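Colleague: Can you walk me through this one? I would like the core first, then the overall fold.

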Amino acid sequence: MVTIKLFGTLRLKTGCKVLEADVSSVKEGCEAVAEATGLSYKELKQCIVVVNGTQTKFSAPLQAGDELALFSPSGGG
């Protein structure tokens, strides 16, 4: 199982902080989040992806016990 944590507007939109899923890639993790929360897969694909404390790519593999954190993109001015 992989622990998936949501931050920023993802958490605000869903009211969900943490999910558990049996997935083997970040992409599968995002698909699981989309299914469980109703967020769009497109929105999740734009997120900042962090696995076990290190920023990584959307195509990164996951292993049991990993922690996937998804941060909504932010803007400023």
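Modeller: A term to begin with: a nonpolar core is a set of buried Ala, Val, Leu, Ile, Met, Phe, Trp, Tyr and Cys residues joined through side-chain atoms within 4.5 Å. Note that this is a predicted model.

Colleague: Fine. How many residues has the largest nonpolar core, and which have the most contacts inside it?

Modeller: The largest nonpolar core holds 22 residues, and Ile4, Val26, Val33, Leu44, Leu68 and Leu70 have the most contacts within it.

Colleague: Which elements each supply at least two residues of this core?

Modeller: Those are β1 (2-7), β2 (18-21), α2 (26-37), β3 (48-51) and β5 (67-71). With 4 residues, α2 gives the most.

Colleague: And what does Ile4 touch?

Modeller: Leaving out residues up to four places away in sequence, Ile4 touches Lys17, Val18, Leu19, Ala21, Gly29, Val33, Leu68 and Leu70.

Colleague: Now the fold. In what order do the elements run?

Modeller: The order is β-α-β-α-α-β-β-β from the N terminus, giving 3 helices and 5 strands. The radius of gyration is 11 Å, close to the 11 Å from the globule rule for 77 residues, so the chain is as compact as a globular protein of that length.

Colleague: What does the C-alpha trace span along its principal axes?

Modeller: About 40 × 25 × 20 Å.

Colleague: What share of the residues is buried?

Modeller: Buried residues account for 36% of the 77.

Conventions: Residues are numbered from 1 along each chain as its sequence is written. This is a predicted model: local features need pLDDT of at least 70, side-chain atom pairs count only at pLDDT 80 or more; totals for chains, interfaces and linings use all residues. Side-chain values use heavy atoms; hydrogens and water are left out. The radius of gyration is taken over C-alpha atoms; the globule rule is 2.2 Å times the number of residues to the power 0.38. Buried means under 20% relative accessible area, exposed over 50%, partly exposed in between (1.4 Å probe, protein chains only). Contact means heavy atoms within 4.5 Å.
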